[in-house]
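Hi everyone, thanks for coming. Let's look at one protein chain together and talk about how its parts meet.

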Amino acid sequence: MTTSTSPHHQPPPAWGITLPLPGLTIDRHRFLVERLPDLGYGDVWSAEGGGTDAFTPLAATAAWSPHLRIATGIVPVHTRGPAVLAQTAATLAQLAPGRVLLGIGASVPAHVTDINGIPFDEPFKRTRDVLRFLTAALRGEHVAGDFDTFSITGYRLPHPPAEPVKVILGALRPGMLRLGFTEGDGAITNLLSAQDLPKVLDVVGPQPPGKELVVKVFVCPTEDTAYAHRASRPFLTWILNREPYRKFHQWLGNGELLAETHKRWADGDHDGAQRALPDEVVDSLFLSGSPEECREQILRYQQPGVTAIQLYVSPPPEVFASRTRLLDTLARLGPAAR
């Protein structure tokens, strides 16, 4: 396996939490954000699909914490204009100078076309063009001209960030991974097992300091395996049958393992597709067990070359019984646990 740096010279990856936690509205997160640094977490992440927007949770986090890095993972490149993305990132950078990481990506047609009415055209080229626009605009450059997927008459940020904003790509397969590292500041990958990760690292190859490889890991901290499967199987079946993720897992070598769920989904048998998703896939892509058991599984993603681990934590209902219990669960799950 090719790795980016020697494990003796690479600092341990930052750990972050995706907000909002499922089942908890964003206005109820302040106590959690204020405690995250004490629990060893350095990042707060958000994403944008069919629920909460990506930027409001980060603005709230910046107001609640002077230390946490705030990051999107990811914002779709079709649903916000290039200048709007640049403006939003630059505005966040005024609240959290030097602590903003902008993750953008193609997303999936379900989030672009089905609920926004925007054609999911040329996702690779669109992502590349938005990346090129943002890297120039966020440096304060005047951007004008024709890109392959849009044209800009002329734009310059009136207040470019005083400290750099990193731009990374949501990336699954080699083309997007290489683009993220050749033209951007790195990549974020997700929905893969720790055993799958070396294939991504082989593509990424050696990288200079400052580049980011973020791994998003899904976690359901409960010893009730039946509950964990009920909670995660519908989502996993849905996402693994989106074309980008189907092709991703075929590239990873998991096509045969997922063939039956893909066939049933294509035939319109969505319930059957859920039943056909092997338990071993559910357990490897949405970790479960006690917080300590989950933590041991998360640590397997701390492979040389990984700079950050983004946790999507879906606690069982009883964890939300009190703030103390929620904080205790995240503490036992997190990097500062003993």
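So, which domains does the domain assignment of the protein chain give? We get domain 1, covering 14-223 + 289-333, and domain 2, covering 225-286; such bounds come from an automatic or database domain assignment. Quick housekeeping: this is a predicted model, where local features need pLDDT of at least 70, side-chain atom pairs count only at pLDDT 80 or more, and totals for chains, interfaces and linings use all residues. Residues are numbered from 1 along each chain as its sequence is written, and side-chain values use heavy atoms, with hydrogens and water left out.

Okay, the two domains. Their centres, taken over C-alpha atoms, are 24 Å apart. Domain 1 puts 28 residues into the contact and domain 2 puts in 20, with contact meaning heavy atoms within 4.5 Å.

How much area is buried between domain 1 and domain 2? About 2,100 Å², and carbon and sulfur atoms give 71% of that. Buried area here is the accessible area (1.4 Å probe) that two parts lose on being put together, summed over both. On the domain 1 side, Leu172, Arg173 and Leu191 supply 30% of what domain 1 buries against domain 2, more than any other three residues.

And salt bridges between the domains? The count is zero, taking a side-chain nitrogen of Lys or Arg within 4 Å of a carboxyl oxygen of Asp or Glu. The side of domain 1 that touches domain 2 has 16 nonpolar, eight polar and four charged residues.

Key
Ala, Val, Leu, Ile, Met, Phe, Trp, Tyr, Cys and Pro count as nonpolar, Asp, Glu, Lys and Arg as charged, and the others, Gly among them, as polar.
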